[in-house]
Amino acid sequence: EFSAIQRFAETPGTEKLSAAERQKIMHIGLPIGKGNFLMGTDAIESMGHKVTIGNNIQLSLSPESEEEATRLFNKLVVGGKSIVPMSKASWGDYFGMLTDKYGIQWMINYAQPKTKETPKQKEYISHL
């Protein structure tokens, strides 16, 4: 079962895409084992995407801190190209994309741990 499916229409900054392109998949994730995912996206040529052998796969890292995400990004991008600099993404995570000096594409995503509400907070929220 897919863990996430997001279309380009649900993504900020894609308003200029055609109606057909906005219905294409921006992100889809399939969990495989503990903490591992197969993720996919449709390539939108009007956004500059062109699928060729070598760019038809991306490796994704999920570090345990923002600092580790930045460190990994900075090491991998040396001699390569930053596609999306590390920054807060529209879905709330700290995210970046790059192509390393060997042409391998990487995504780095740090998700802040979710905080659990205390019983007192739950009670307060339920009265809102």
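A salt bridge, as I use the term today, is a side-chain nitrogen of Lys or Arg within 4 Å of a carboxyl oxygen of Asp or Glu. What we have here is a predicted model, in which local features need pLDDT of at least 70 and side-chain atom pairs count only at pLDDT 80 or more, while totals for chains, interfaces and linings use all residues. Residues are numbered from 1 along each chain as its sequence is written, and side-chain values use heavy atoms, with hydrogens and water left out.

Let me start with that salt bridge. Searching the whole structure turns up one salt bridge, and it joins arginine 71 to glutamate 68, with 3.0 Å between the closest N and O atoms. Both arginine 71 and glutamate 68 belong to helix H2, residues 66–76, where they sit three residues apart, about one turn of the helix. Helices here are DSSP runs of H or I with at least four residues, strands are runs of E with at least two, and both are numbered from the N terminus. In general, side chains of opposite charge can pair when their charged atoms come close.

Now to the overall layout. The protein has three helices and seven strands, and along the sequence they follow the pattern β-α-β-β-β-α-β-β-β-α. Of its 128 residues, 23% count as buried.

Three of the strands form an open sheet in the order S1-S2-S3, with antiparallel pairing, where two strands pair if DSSP finds at least two bridges between them. The edge strands, each pairing on one side only, are S1 (4–7) and S3 (37–40). S1 and S2 are joined in the antiparallel sense over four bridges, and alanine 4 has glycine 29 in S2 as its bridge partner. Strand S2, residues 25–31, also pairs with S3 over four bridges, again antiparallel; there, leucine 30 is partnered by leucine 38, and proline 31 by phenylalanine 37.

My last stop is aspartate 93, found in the loop between strand S5 (81–88) and strand S6 (94–99). Aspartate 93 counts as buried because its relative accessibility is 14%. If contact is taken to mean heavy atoms within 4.5 Å, then aspartate 93, leaving aside residues up to four places away in sequence, touches Ser87, Lys88, Asn109, Tyr110, Ala111 and Gln112.

Key:
Buried < 20%, exposed > 50% of the residue type's maximum accessible area, 1.4 Å probe, protein only.
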